[in-house]
Amino acid sequence: MGIQFKNVGYAYKGFKKSYDAIKNINLNIESKGEFIAIVGHTGSGKSTLVQHMNALLLPNEGNVIVFGQQLPPKKSEKINYLRQKVGLVFQFPEYQLFEETIIKDIMFGPKNFKETSEHALESAKKAASIVGIDESLYEQSPFRISGGQMRRVAVAGILAMEPEILVLDEPTRGLDPKGRTDLMEIFREIHEKEDKTIILITHDMDLVSEYAKRIIVLSEGKIVFDGKKEDLFAHPDFNSYHLDYPTPLKILKHLEETIGLPFVPKYDFTSLLEYLKEVNHE
Amino acid sequence: MNNITIGQYIPGDSWLHKLDPRIKLLSLVVLLVATFFIPISHELIPLVSMGVIFLGVMALTYSTGIPIRKVLNGLKPIVFLLTFTFVIQVFYVKTGDILASIPMYISLTSVLGIIIFIVFYQWSKKYVRFKIIYFFAAVLMVFVLQAYLPYVPFTSYTLDIHTDGLMRALFIFVRITNVIIMTSLLTFTTMTTDLNFAIEALLRPLKVIKVPVDVMAMMLSLTLRYIPTLLGETEKIMKAQASRGVDFKESKFKEKVVQIISLLIPVFVISFKRAEDLGNAMEVRGYVIGAKRTKIDEYRIGFSDLATLFISFVILAIIIVVKTI
C-alpha cells in the first residue's frame with residue numbers, strides 16, 4: 001500500500017512544444033512511519049511530483065498507484081476519495097481560507113468527504129488543538145488573524161480530513177524562525193504520535209537534516225538521490241546535487257579543519273551541543 | 001491554463017506585422033467604413049466592388065503569411081448569423097426574376113427525416129475537418145429534405161427563389177465575411193500591448209473634453225497584464241480546494257454553489273492584495289496619475305505607414321464617388 005510511482009513522466013503542454021516537468025520517476029512510499037524530505041532546485045519538479053500523490057495531476061507516462069488505486073484511472077473510476085487519504089498542504093495555504101469562521105473553514109474538508117456535521121466538528125476541533133489554535137478563536141473570521149495563525153488554520157483544514165499520508169509543499173515558507181520551528185514541531189508530533197507518513201518539500205537544509213529520515217533529491221525532473229539522510233550528506237557526489245550542507249554539519253566540518261575536532265555527523269543543534277559538551281569534558 | 005494567450009496575436013514578420021499599430025487601427029476603421037458604404041443591392045457595381053474587396057482581403061491575408069484556416073476560424077462565432085441572414089434574404093426578397101419555384105412539404109416523413117439528420121449531424125460533426133462548410137451543407141440539407149420527402153404532409157408552402165434575393169444574400173454574406181476577416185487580421189498581427197497603445201493614441205483627442213484617456217489605457221493594459229496572473233492564482237486555489245475534497249467536476253448543484261464560493265473568495269482576496277501591492281510598487285517608482293509619461297519604444301510613422309493610410313482613404317473615396325454617380 002502507500003504510494004508507488006512506476007516510470008512516471010509528466011509534461012506541461014506549452015504553446016508549441018511541451019515541457020517535461022518530471023520523467024522516469026520510480027518511487028515507493030510506505031503509508032506508515034516515513035518522514036521524507038524532497039529537495040531540489042526551483043523548477044526541478046518537486047511540486048509536480050507531489051501533486052501526483054493525491055491525483056491532482058495525472059501522469060502522462062507510466063503509472064502512480066495510490067492506496068491500490070491506479071492512476072491515470074479508468075473512465076468510470078472516481079478518484080476524489082484519494083485526496084482524503086493523501087492530504088496535500090500547498091504553498092502559502094493561508095490563501096485558501098474562505099469561510100466566515102475559523103472552525104467552519106477547518107470543517108470544510110471533512111464535510112466535503114461526506115462526514116456528518118458532528119463528526120466534522122469533532123475532527124476540526126481535534127485538528128485545531130493539534131496546531132495550537134485556541135478555542136476562543138473558533139468563531140473569529142480567518143481573515144482577522146495573523147499570517148502565522150492563518151497558516152496553522154489552513155494546515156488544520158487538511159489535518160481535519162484525517163489523511164493517512166500528509167504532504168507539505170514548503171510549509172514554512174515566509175514564516176519567521178519561531179513560527180518555522182513551531183510548525184515543524186507540530187509535524188514531528190503528528191509523525192511520532194500517529195506514525196503518519198509525512199512528505200515535505202523544502203529548501204531549508206537545516207529542517208531537512210533535523211526532521212527528515214529519508215531524502216529524495218530531484219534535479220531537472222529526475223530523482224538523483226533517494227535514501228537515508230546519513231547517506232546523502234556523506235555521499236561522494238553530494239556537490240553535484242547543488243545542495244547546501246546543513247548548519248550543524250558545516251560547524252562540525254569547520255571545527256575539524258580549524259581545531260582538529262573529530263568529525264561525527266550531528267543533524268540538529270541539540271545533539272551538536274551535546275556532542276560539543278561531551279568533547280569539552282574529555 | 002498554463003499557456004493562455006491573451007488576444008490572438010500570431011508572431012510573424014510580414015509588412016502588416018511591422019505596420020505602426022496606430023496606422024493599422026486607423027486604416028482598419030477607414031476600410032470598415034468603406035465596406036459599409038457599399039449599398040446592399042443586386043446591381044453590378046456594388047457586387048463587383050464587394051467582390052474586389054473580398055479578393056483584396058484575401059490577398060492581404062496571403063501577404064501576412066497567416067494560415068487562411070486560422071482566419072476563417074474567426075468566422076466560427078458568426079456562422080449562425082451568416083446562415084440566418086442568408087435564409088431570411090432568400091425567403092423574403094420577392095423581386096427580380098424567379099430562379100426556381102420549389103414546393104416544400106412539412107410532413108411526417110420530412111420532420112422525421114430532419115430530426116434523424118440533426119442527430120446524425122451532431123454525431124458526425126466531430127469527424128469532419130471543415131466544420132463551417134459542413135454546417136452550411138447541413139442547413140441546405142434541412143431544406144432539401146423538406147422538398148423531397150412529401151409523404152404524409154401536414155402543410156406545404158412554395159419556396160420561390162428570386163435572383164435578387166439570392167444576390168442580396170450573397171452580398172451580405174460576403175460583406176460580413178470581409179468585415180470579420182479584416183478585423184481578425186488586425187488582432188492576428190498586433191500584440192495586445194500595441195493595440196492598447198493604438199487605441200490610446202487614437203482616443204487622445206478626447207482629452208480636450210476631459211476624458212482621462214491615458215488613465216483608461218493604463219487600466220486596460222494592467223487588466224490585460226493581470227489576466228494570466230490571476231488565472232494562475234485561480235488554478236492554484238482550485239487545486240488547493242480540490243485537495244480539501246472539492247470536486248469541481250462531479251457534484252450536485254447545491255454543492256457547486258459552496259464550491260464556487262470557496263474559489264471566489266480566495267481569488268477576490270488575492271486580487272485585492274495584488275492590486276494594493278501593484279499600486280504601491282507603481283507609486284514607489286514615481287507613477288503620478290495624469291503626469292506625462294515617456295515610452296521605452298517610440299513609434300515613428302514611416303513611408304509605408306503613410307502609403308497604407310493613403311491607399312485606405314483612396315479606397316474609401318472611390319467607393320463614395322462611385323456611389324454618388
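Trainee: What order do the strands have in the open sheet of 4 strands in chain A?

Mentor: The order is β2-β1-β4-β5 of chain A, and the pairing is antiparallel. Helices (H or I, at least four residues) and strands (E, at least two) are DSSP runs, numbered from the N terminus, and two strands pair if DSSP finds at least two bridges between them.

Trainee: Thanks. Which are the edge strands?

Mentor: β2 (18-29) and β5 (69-71) of chain A, each of which pairs on one side only. From one strand to the next, the twist averages 25°.

Trainee: How many bridges join β1(A) to β2(A)?

Mentor: There are 8 bridges between β1 (residues 3-13) of chain A and β2(A), and the two strands run antiparallel. Lys13(A), for example, stands opposite Ser18(A) in β2(A).

Trainee: Before we go on, where does the model come from, and how are things numbered?

Mentor: This is a predicted model: local features need pLDDT of at least 70, side-chain atom pairs count only at pLDDT 80 or more, and totals for chains, interfaces and linings use all residues. Residues are numbered from 1 along each chain as its sequence is written, while chains are lettered from A and ligands numbered from 1 in the order in which they are written.

Trainee: And what is the average pLDDT of chain B?

Mentor: Chain B averages 85, with 98% of the residues scoring at least 70; pLDDT is the predictor's confidence in each residue, from 0 to 100. In chain B, confidence is highest in helix α2 (residues 21-37) of chain B, at 92, and lowest in helix α4 (residues 68-73) of chain B, at a mean of 80. For the complex, the predictor gives an ipTM of 0.89 and a pTM of 0.74.

Trainee: How many residues does each chain bring to the contact between A and B?

Mentor: Chain A brings 22 residues and chain B brings 18 residues. Two residues are in contact if their C-beta atoms, placed from the backbone, lie within 7 Å.

Trainee: Which element of chain B gives the most there?

Mentor: α10(B) does, with 7 residues. The elements of chain B giving two or more residues to that side are α10 (213-243) and α11 (253-284). By class, the side of chain B that touches chain A has 8 nonpolar, 6 polar and 4 charged residues. Here Ala, Val, Leu, Ile, Met, Phe, Trp, Tyr, Cys and Pro count as nonpolar, Asp, Glu, Lys and Arg as charged, and the others, Gly among them, as polar.

Trainee: Let's move to the helices. At what angle do α3(B) and α8(B) cross?

Mentor: Helix α3 (residues 44-64) of chain B and helix α8 (residues 163-189) of chain B cross at roughly 25°, and their axes come within 10 Å. Axes are lines fitted to C-alpha atoms, for helices over the stretch in contact, and angles run from 0 to 180 degrees between N-to-C directions. That makes α3(B) roughly parallel to α8(B); angles under 35 degrees count as roughly parallel, over 145 as roughly antiparallel, 65 to 115 as roughly perpendicular and the rest as oblique.

Trainee: What residue classes are in the contact of α3(B) with α8(B)?

Mentor: That contact has 13 nonpolar, 4 polar and 1 charged residues.

Trainee: And how does α5(B) pack on α8(B)?

Mentor: Helix α5 (residues 79-92) of chain B packs on α8(B) at an angle of about 160°, with the axes 8 Å apart. That makes α5(B) roughly antiparallel to α8(B). Residues making the contact include Leu82(B) and Phe86(B) of α5(B), and Ile172(B) and Phe173(B) of α8(B).

Trainee: Back to chain A. Which peptide bond is cis?

Mentor: The one from Leu71(A) to Pro72(A), with omega near -5°. Pro72(A) lies in the loop between β5 and α2 (82-85) of chain A.

Trainee: Where is Glu220(A) found?

Mentor: Glu220(A) is in the loop between β9 and β10 of chain A. Its phi is positive, about 50°, although Glu220(A) is not a glycine. Most residues other than glycine have a negative phi, and most peptide bonds are trans. β9(A) and β10(A) form a hairpin with 2 residues between them, and 6 bridges join these antiparallel strands.
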